[in-house]
Amino acid sequence: MSVISTGQKGERHLLMGNEAIARGALEAGVSVITGYPGTPSSEIIETLARVSKDQNLYVEWSVNEKVAMEVAAAASFAGLRSLCAMKQNGVNVGSDFLLHLALSGTRGGMVLVHCDDPGSLSSANEGESRHFARMLELPQLEAGDFQEAKDMIKWAFELSEEIRTVVMVRSVTRLSHASGNVTFGELARVEKKAFFKHDGFILDPIEGPMASLPAPYKHGQQQEKLKQVIARFEESDYNSYRGPESPELLLITSSACHLYSKEAIGLLGVQDRVGLLKLGTTWPLPPKLMEKYLAITDKILIVEEVIPFLEENVKILAAEFANRIGPKTFFGKREGNIPATNEMNPDLVVTALAQILAIDYAPVPEAYAKRSQELAFFGAPGRDLTFCAGCPHRASFWSIHNTLQMDGREGFVCGDIGCYSMAVLPTGFSTLKTLHSMGSGVGLASGFGKLGQFGMDQPVLATVGDSTFFHAVLPALVNAIHHQSDITIVVLDNSGTAMTGFQPHPGLPVDVAGNQAPAIDVASVCEAMGAVVRISDPFDIEKTQQTLFELFAMKGLKVLILRQMCALSPEKKAQKMFDVSVDETVCIGQNCGCNQLCTRIFKCPGLNWDPDKGVSRIDEVICAGCGVCASICPSGAIQRKEVA
Amino acid sequence: MKNASLPFDPYNVIITGVGGQGNVMASRVIGNMLSRKGLSVTIGETFGASQRGGSVMSHLRISAASYWSPQIPKGKCHLVVSLEPTEAMRVLTNYGNPDVTVLCNTRPVHAIGVISGDQQYPSLEDIRSWVEELSRACWFLNATEKALELGNPILGNIMMIGAAAGIGPLPLDKEDFEAVISETIPADKLGLNLKAYDIGVRMVQPTERFKF
């Protein structure tokens, strides 16, 4: 049992932002929750999945974000409240459906929680999903702290149901993955029967069919809904002002930036000079409220992540009000006071404020700052990202890289998103040569594989993860097979969505709530489509490399499934297959001729180089016992003994 | 629930280490222990991609009243709990100040640049002298080795929590530790965790200082 469902009204608990969002959804009486794993959003679904049985919820990890939105919308159409959660680029994936859903409208409250990752702390992009709200004409909310993250979800459901449109609620990594104390409200008890009314008049939003047609009519209705939204936003407590009546500078902000801004104002002690307008309803901006606060000063600083979304929208309103509020001087991203990329922090706000208000600020004595910088050069060697000790990807890319080298035709690998993205780095022997969105490695390979007509004769490979295979690879695979593209696809099957924390996917016999589910077999799917399929264990380096050579020699579309469970998977964690050790009498270190293959090239974190003895050694705390290093050591110094 | 007093408000703690060492767990435990004292705790974490062998930090802001930024401003850390020696240095560079206190586990985790020989791992003696220079007070604890004696290196983190309680400025106590840890571990592991906590408390007693 989890405090998320057992916690009573009035209790106060330390919750991660994503847990606060989950509790908010329960207090709102949500019934259906869907999403696709993606940092920093995944814990919303996981938290609700854990309480799904005692709260009578339906929770699923959908195959991708578009389907997740569709499944959630079905619940809404049938009168239930539904929540859909995803990371920023998930909104891109689902946006085609969302565009049409905005026109058809919803019935039961439907909330889309999209968690952005400013600074790409765990992403391959720092996409800004608020633009979808403006582009698709949907209401946008942004929580400013943990309590709001919970409370705002409940309000979002009420708003959605009242206006009959999906409401977007944006979080960011520094809220979703940060924690704070949250006071609970009452849990809702839901006893609604799901029923889809569909035989009313075609334009009847309550009893008719749900469709985006006729588009201009529905578009007009949608804009009427936005007018009602604005009326609610004008009154919302999620917009608040703190500061003097006529400040020297007005700072406008939202989300985690509100906490950075508050702190920066405190650090500089300028509470009597700077007013802080924190916005929770960021699209459409409530014009009366904005006019009121834009009128209180002539200097305005906008602090936000990542793209100047608020900044542009505030400027449009300021232009509209210009004859009443007079000209304004704006500071922000376009003026360069706030960095145009990457995430914010309190110090960046301090820098902007200090510059605008002409204040000197030094966080520590200059001598300390200088000395600590000097010492860090030797004291804190940088840490490049690496595959974990015992990661099957290291072994897989070792084989792929070496096979391509031995083949000698300058073949290359197209990659996509997952832990295996790190194979663009030395930890994966810099094997990946393209890296874009999920599934795009296979799409690109499908294209490269047709360039033989123009003289291209390099072997083309693509690597995909097992969860990605279902999410976005299937259409690209169909394309490649149908067009007879001459490529090899390697499925790195580690039995879970490893990057985001082992969420199950359609290839596994279990669903998010732990129920049995029919597993869809990747090999059978590929064979049914007409691909040549081979399966190997990546830890068996010799067999894997032989199989790759065999596949390179064949025409058409080949699939190699490299199957080995992730080293961090709950089933495998802390269970060593082998006790690995280095026989110091056999390791001849730099005299071996292997050029320290194990530590210089293979570079598993479980291996160390002992510069004093001139030999390799195993770090027993880190080694996961996969035994792969024993099969790459040319002198047989690394030895492995099966753990009984 | 009782309100506890703090030497500073907010009192800022950074728990740092290398991905996979368990700082998220340590920060959640400390955060929950302090929440039980009626304090308001804001924790900022980095995890995800950076977890794969990268440096990871948890920022804890402990306050009587309100939320604070989930990122501590530069130079404003009061206590660094480092699960790895060079990570203590990295944190001091950005968040240290002449009054900071440091608790540091002595077990190194070599970065792949060190494993490959492209970078050098500094000696523990050097790190200790640098940390002493950059802090008001510091303790170096061989927590991982002690934890290996108990059979599981992860217990080193529990010892570091015990040590943080042992040095005093925060209202951390064993009763809260037991209540918090009981919610996350199987009952048969409770005794071992309490033992690790006690070892940690003892490690920072004056007689044990600077032994490693």
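Of the 212 residues in chain B, 61% count as buried. This value, like every other in these legends, was computed from a predicted model.

**View 1. Chain B is built from eight helices and six strands.** Read from the N terminus, the order of its elements is β-α-β-β-β-α-β-α-α-β-α-α-α-α. Chain B has a radius of gyration of 16 Å, close to the 17 Å that the globule rule gives for 212 residues, so chain B is as compact as a globular protein of that length. Along the principal axes, the C-alpha atoms of chain B fill a box of roughly 50 × 40 × 40 Å. Among the contacts in chain B between residues at least 6 apart in sequence, 68% join residues that are at least 24 apart.

**View 2. Chain A contains 22 helices and 24 strands.** Its radius of gyration is 28 Å, close to the 26 Å that the globule rule gives for 644 residues, and chain A is therefore as compact as a globular protein of that length. The C-alpha trace of chain A spans about 80 × 75 × 55 Å along its principal axes. Of the 644 residues of chain A, 52% count as buried. When contacts in chain A with a separation of 6 or more are considered, residues 24 or more positions apart account for 78% of them.

**View 3. Chain B touches chain A through residues from several helices and a strand.** In this interface, 54 residues of chain B are in contact with 52 residues of chain A. On chain B, helix H1 (23–35), strand S2 (40–45), helix H2 (85–95), helix H3 (112–115) and helix H4 (124–134) each supply at least two residues of the side that touches chain A. Which element provides the largest share of that side? It is S2(B), with six residues. Sorted by class, the side of chain B that touches chain A has 23 nonpolar, 26 polar and five charged residues.

**View 4. Helix H15 of chain A packs against helix H4 of chain B.** H15(A) passes H4(B) in a left-handed crossing. From H15(A), the residues A:Ser372, A:Leu375 and A:Gly379 meet B:Ile127, B:Trp130 and B:Leu134 of H4(B). This contact has four nonpolar residues, two polar residues and no charged residues.

**View 5. Within chain A, helix H2 packs against helix H3.** H2(A) covers residues 17–27 and H3(A) covers residues 42–50; their axes are 8 Å apart. The crossing of H2(A) past H3(A) is right-handed. H2(A) contributes A:Asn18, A:Glu19, A:Ile21, A:Ala22 and A:Ala25 to the contact, while H3(A) contributes A:Glu43, A:Ile44, A:Thr47 and A:Leu48. These residues divide into five nonpolar, two polar and two charged.

**View 6. Helix H2 of chain A is mostly covered.** Ten of the eleven residues of H2(A) are buried. Among them are A:Gly17, A:Ala20, A:Arg23, A:Gly24 and A:Leu26. The buried residues also include A:Asn18, A:Glu19, A:Ile21, A:Ala22 and A:Ala25, which take part in the contact with H3(A). Just after H2(A), A:Gly29 takes a positive phi of about 80 degrees.

**View 7. A:Ser31 lies in a loop of chain A.** This loop runs between H2 and strand S2 (32–35) of chain A. Is A:Ser31 buried or exposed? A residue is buried if 20 or more other C-beta atoms lie within 10 Å of its own; A:Ser31 has 23 C-beta neighbours inside 10 Å and therefore counts as buried. Leaving aside neighbours within four places in sequence, A:Ser31 is in contact with A:Leu57, A:Tyr58, A:Ala75, A:Leu80, A:Arg81, A:Ser82 and A:Val190. A:Ser31 and A:Glu70 are 39 residues apart in sequence, and their C-alpha atoms are 15 Å apart in space.

Note on methods: Residues are numbered from 1 along each chain as its sequence is written. Chains are lettered from A and ligands numbered from 1 in the order in which they are written. This is a predicted model: local features need pLDDT of at least 70, side-chain atom pairs count only at pLDDT 80 or more; totals for chains, interfaces and linings use all residues. Two residues are in contact if their C-beta atoms, placed from the backbone, lie within 7 Å. Helices (H or I, at least four residues) and strands (E, at least two) are DSSP runs, numbered from the N terminus. Ala, Val, Leu, Ile, Met, Phe, Trp, Tyr, Cys and Pro count as nonpolar, Asp, Glu, Lys and Arg as charged, and the others, Gly among them, as polar. Axes are lines fitted to C-alpha atoms, for helices over the stretch in contact, and angles run from 0 to 180 degrees between N-to-C directions. A crossing is left-handed if the near helix is turned anticlockwise from the far one by less than a right angle, and right-handed if clockwise. The radius of gyration is taken over C-alpha atoms; the globule rule is 2.2 Å times the number of residues to the power 0.38. A residue is buried if 20 or more other C-beta atoms lie within 10 Å of its own, exposed if 12 or fewer, and partly exposed in between; C-beta atoms are placed from the backbone.
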